[in-house]
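Biologist: I am new to reading protein models. Please take me through one, feature by feature.

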Amino acid sequence: MAADAFDEECDYLFKAVLIGDTGVGKSNLLSRFAKDEFRLDSKPTIGVEFAYRNIKVGDKLIKAQIWDTAGQERFRAITSSYYRGALGALLVYDITRRSSYENVSKWLVELREFGGEDMVVILVGNKCDLSESREVEKEEGKGFAETEGLCFMETSALRNLNVEEVFLQMITKIYDMTSQKSL
Ligand code: GDP
């Protein structure tokens, strides 16, 4: 994926990860955010992929390095190295596939085991363009996020709804957390 803008001077480099069941739209959320692209096919390769994008928060330039499981979640082969150094995560489910929502708690257990204690986690209900096939109500996702202390947003990678917003929210929260720590 895009390894752009290496030459620009950045104030911070933040690593964040995408997790959630296969097929929920993680790769498409990432390619929307990094390259403004959407793919109708499923991805062919297996392995970790990542993309960079530089973001301005206030007067600081942040390089966000976002990792995608690229199919490995099928084999539950995501290891501690995937999470190592990650300050944020988008935990994605598909609002039209209830099982992907029910698996969110399993992903949270893994995230809490391998990720840092104060990781910024956003629960993301993707494919909100498919409202006629909805199997998880927005209020349900939001309520679960509240009880778990997570942020919450519904997105559509296909229609490019809330994609920029969800990544920006995560990056801004990581920045706030990091700058508070260094005070
Ligand atoms: P991943 O396995 O979680 O990385 O999921 P992908 O990004 O490969 O997407 C799986 C399938 O869902 C593909 O066929 C995508 O075209 C489709 N998809 C992804 N995001 C959306 C979305 O927001 N809306 C709709 N309708 N389809 C989507």
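Biologist: What should I know before I start?

Modeller: This is a predicted model, where local features need pLDDT of at least 70, side-chain atom pairs count only at pLDDT 80 or more, and totals for chains, interfaces and linings use all residues. Residues are numbered from 1 along each chain as its sequence is written.

Biologist: How many helices and strands does the chain have?

Modeller: First, the naming. Helices (H or I, at least four residues) and strands (E, at least two) are DSSP runs, numbered from the N terminus. This chain has six helices and six strands. Starting at the N terminus, their order is β-α-β-β-α-β-α-α-β-α-β-α.

Biologist: In what order do the strands lie in the sheet?

Modeller: Strands pair if DSSP finds at least two bridges between them. Here six strands make an open sheet in the order E2-E3-E1-E4-E5-E6, and the pairing is mixed. Strand E2 (49-57) and E6 are at the edges with a single partner strand each, so one side of each has no neighbour in the sheet. On average, neighbouring strands are turned by 25° against each other, direction ignored. Such angles run from 0 to 180 degrees between N-to-C directions, and the axes are lines fitted to C-alpha atoms, for helices over the stretch in contact.

Biologist: Which strands pair in the antiparallel sense, and over how many bridges?

Modeller: E2 and E3 do, over nine bridges. Tyr-52 stands opposite Gln-65 in E3. The two strands form a hairpin with two residues between them, and Gly-58 in the turn has a positive phi of about 60°.

Biologist: What are the bridge partners of Lys-15?

Modeller: In E3 the partner is Gln-65, and in E4 it is Ala-86. E1 and E3 pair in the parallel sense over six bridges. E1 (residues 12-19) and E4 also run parallel, joined by five bridges.

Biologist: How does E4 pair with E5?

Modeller: The pairing is parallel, over seven bridges, with E5 spanning residues 120-126. Tyr-93 has Gly-125 as its bridge partner in E5.

Biologist: How do I tell buried from exposed?

Modeller: Count neighbours. A residue is buried if 20 or more other C-beta atoms lie within 10 Å of its own, exposed if 12 or fewer, and partly exposed in between; the C-beta atoms are placed from the backbone. Of the 183 residues in this chain, 38% count as buried. In strand E4 (residues 86-94), nine of the nine residues are buried.

Biologist: Which residues of helix H4 are buried, and which are exposed?

Modeller: Start with the general idea. An α-helix has 3.6 residues a turn, so residues three or four places apart point the same way. In H4 (residues 104-114), Val-104, Trp-107 and Leu-111 are buried. Seen down the axis, the buried residues fall within an arc of 60°, so they line one face of H4. That arc is taken from the directions from the helix axis to the C-beta atoms. On the other side, Ser-105, Lys-106, Val-109 and Glu-113 are exposed.

Biologist: What covers the buried residues of H4?

Modeller: The cover includes E1, E4, helix H3 (98-102) and E5. For contact, two residues need C-beta atoms, placed from the backbone, within 7 Å.

Biologist: Which residues touch the most other members of the largest nonpolar core?

Modeller: A nonpolar core is a set of buried Ala, Val, Leu, Ile, Met, Phe, Trp, Tyr and Cys residues joined through C-beta atoms within 7 Å. The largest has 44 residues, and Ala-16, Leu-18, Ala-89, Leu-90, Leu-91, Ile-122 and Met-170 touch the most other members. Elements giving two or more residues to this core include E1, E4, H4 and helix H6 (163-181). Leaving aside neighbours within four places in sequence, Leu-90 is in contact with Leu-18, Ile-122, Val-124, Val-166 and Met-170.
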